[in-house]
Amino acid sequence: MKKCRRCSKPATLHITEIRKGEATEVHLCETCAKDYLQQADTNDDSSSEFEFDKLEDASEALDDAEDPVCPNCGITFREFRKQGRLGCPHDYVAFRNELLPLLENIHGQTQHVGKTPRQVAVSPQRQDLQHQLVRLKSQLKAAIDEEKYESAAKLRDEIHSLESQLSEKDLGPQ
Amino acid sequence: MDLNSLTQNDSEWLRGTGPESDVVISTRIRLARNLAEFPFASKADDSTKARIEKQLRDVLSDLPLPKPLSYINVASLDEIERQFLLERQLISREHSEGTGARGVAVSRSEDVAVMVNEEDHLRLQVLRSGLAFDSCWDEIDRLDTAIGDRVAYAYDEAFGYLTACPTNCGTGIRASVMVHLPALVLTREIQKVFHGLQKINVAVRGLYGEGSQAMGDFYQISNQYTLGMTETQIIDKVREVIPVVLGFERKARTALMDSKQPELHDSIARAAGTLRSAQTISSEETMHLLSSVRLGVNLGLITDVGLPALNQLFVQIQPAHLQKAKGATLNSSERNVARATLLRTKLEQERSAHS
């Protein structure tokens, strides 16, 4: 019988994770499996108990050379994963692709629908495009993960056209 | 603000009134916010932190709101004073033990507190006695809008309010209720309730204590997700489970009264007796016994103590509060003596007030 990868108890659950088309097996005992699947953030004020290192995602497979860096604050994605805290607001742009699966994992969602500050309020039309863009990008990622390259190519074209629409709008008055 | 004036005050949120106050101690909403042009705490050096603090202190001291906020420079406080603010739930442990320029802006009745330079640049909180989500949200929403009109918040159309930890981004909201669940602990049904809540992604944690056995049987129930739902939806998700939890606790209380009233009454009366006569007592034992007495008051088994006084004792018996009241640094055994004295005095006062 296999042992749990976290503790030495016998593993009763065998989870097959498929990331970027690669299957990895994770063997866990019942207790650790519950943690693994829930990854519950029960801490109230600081979120320090959220265990990022237990979340497996694409970044694990990155070579050092591919570890993205935020040009604004200098933090690398790997550094963030180690400390669980981002370095600056721009990280959400710099690590967008890496953060999307993480946010999906934490919140089950990747699109904010709550309050908007009045100072950066943007036109609803522009916001729609942005939301659409975010949605397409996550679909693209899923398509690549599932090796559906044909639909991935289509999605990529749609993303490019949306992105150029958005940058045209940047020039005009909003 | 003079910390000593806080010592004289009783926190508004402990006044033991408000809807469902036999089980619900308080309702709290907090919002995490950051300034767009500054790095988060982990990448902010001392001079950056000082600039953030200066800007926010100025904004917070001059908000056009009905309740003015007084700014306390937390970095200049000694350890007991920081612990004192922590015990009153005005700052977090992380903020209390942090480094560099930081502070907290507090309303006179302590129901509003805004931490500066915690994990996020701003942590707003509104606290109310009893179950009071609507009034908490109204007030914190206005406070947030007033601050947001004066600074540029870090915000992204997809990820909402940007926070140092991605577990808070989106709305940045944590809506929580502090509940007292002694009967569920006594009947050992508390774990079942927890599992039920976790299944629907509502977080529960013990207050004051470590692990699953919360000191004093206090628990905090709060939302887990902050992104992908509106603030109101998130609040409603927590709000919806509260009547269920209250129902379980009250059912457990009735069951105890039906099947084990003599034993229950005995242990509650003995708890009150110990608190009234102890000459030295640890905070752990005190919390345990106070919890038992609080249950006794709610069941009508104890009639010479009021809930507000009891609620306040849970805070007043803590180390920094004892030392502030004495005006001196006390070691652990001195604190145990001071704690026992305070308990005897307060419970005697209550007895004469209720007779």
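Predicted model: local features only at pLDDT ≥ 70, side-chain atom pairs only at ≥ 80, totals over all residues.
Biologist: Are helices α5(B) and α8(B) roughly parallel or roughly antiparallel to each other?

Modeller: Helix α5 (residues 133–148) of chain B packs against helix α8 (residues 231–277) of chain B with axes 11 Å apart, at an angle of about 155°. Angles over 145 degrees count as roughly antiparallel, and the crossing of this pair is right-handed. The two helices are therefore roughly antiparallel.

Biologist: Which residues of α8(B) does α5(B) meet, and how many residues of each class make up the contact?

Modeller: From α5(B) come B:Phe133, B:Asp134 and B:Trp137, and these meet B:Glu231, B:Ile235, B:Val238 and B:Arg239 in α8(B). By class, the contact of α5(B) with α8(B) holds four nonpolar, no polar and three charged residues.

Biologist: Which element gives the largest share of the largest nonpolar core?

Modeller: The largest nonpolar core has 90 residues, and B:Leu122 is one of those with the most contacts inside it. Not counting residues up to four places away in sequence, B:Leu122 touches, among others, B:Leu31, B:Leu56, B:Leu60 and B:Ile147. The largest share of this core, 15 residues, comes from α8(B).

Biologist: How many nonpolar, polar and charged residues are in the contact of α8(B) with α12(B)?

Modeller: Helix α12 (residues 332–354) of chain B packs with α8(B) at an angle of about 115°, their axes 7 Å apart. B:Leu275, B:Arg276 and B:Ser277 of α8(B) make the contact with B:Leu343, B:Arg344, B:Leu347, B:Glu348 and B:Arg351 of α12(B). By class, these residues are three nonpolar, one polar and four charged.

Definitions and conventions
Residues numbered from 1 in each chain as written. Chains lettered and ligands numbered in written order. Heavy atoms only, no water. Axes fitted to C-alpha atoms, helices over the stretch in contact; angles between N-to-C directions. Helix = DSSP H or I, 4+ residues; strand = E, 2+ residues; numbered from the N terminus. Parallel < 35°, antiparallel > 145°, perpendicular 65-115°, else oblique. Left-handed = near helix turned anticlockwise from the far one by under 90°. Contact = heavy atoms within 4.5 Å. Nonpolar A, V, L, I, M, F, W, Y, C, P; charged D, E, K, R; others polar. Core = buried A, V, L, I, M, F, W, Y, C linked by side-chain atoms within 4.5 Å. Buried < 20%, exposed > 50% of the residue type's maximum accessible area, 1.4 Å probe, protein only.
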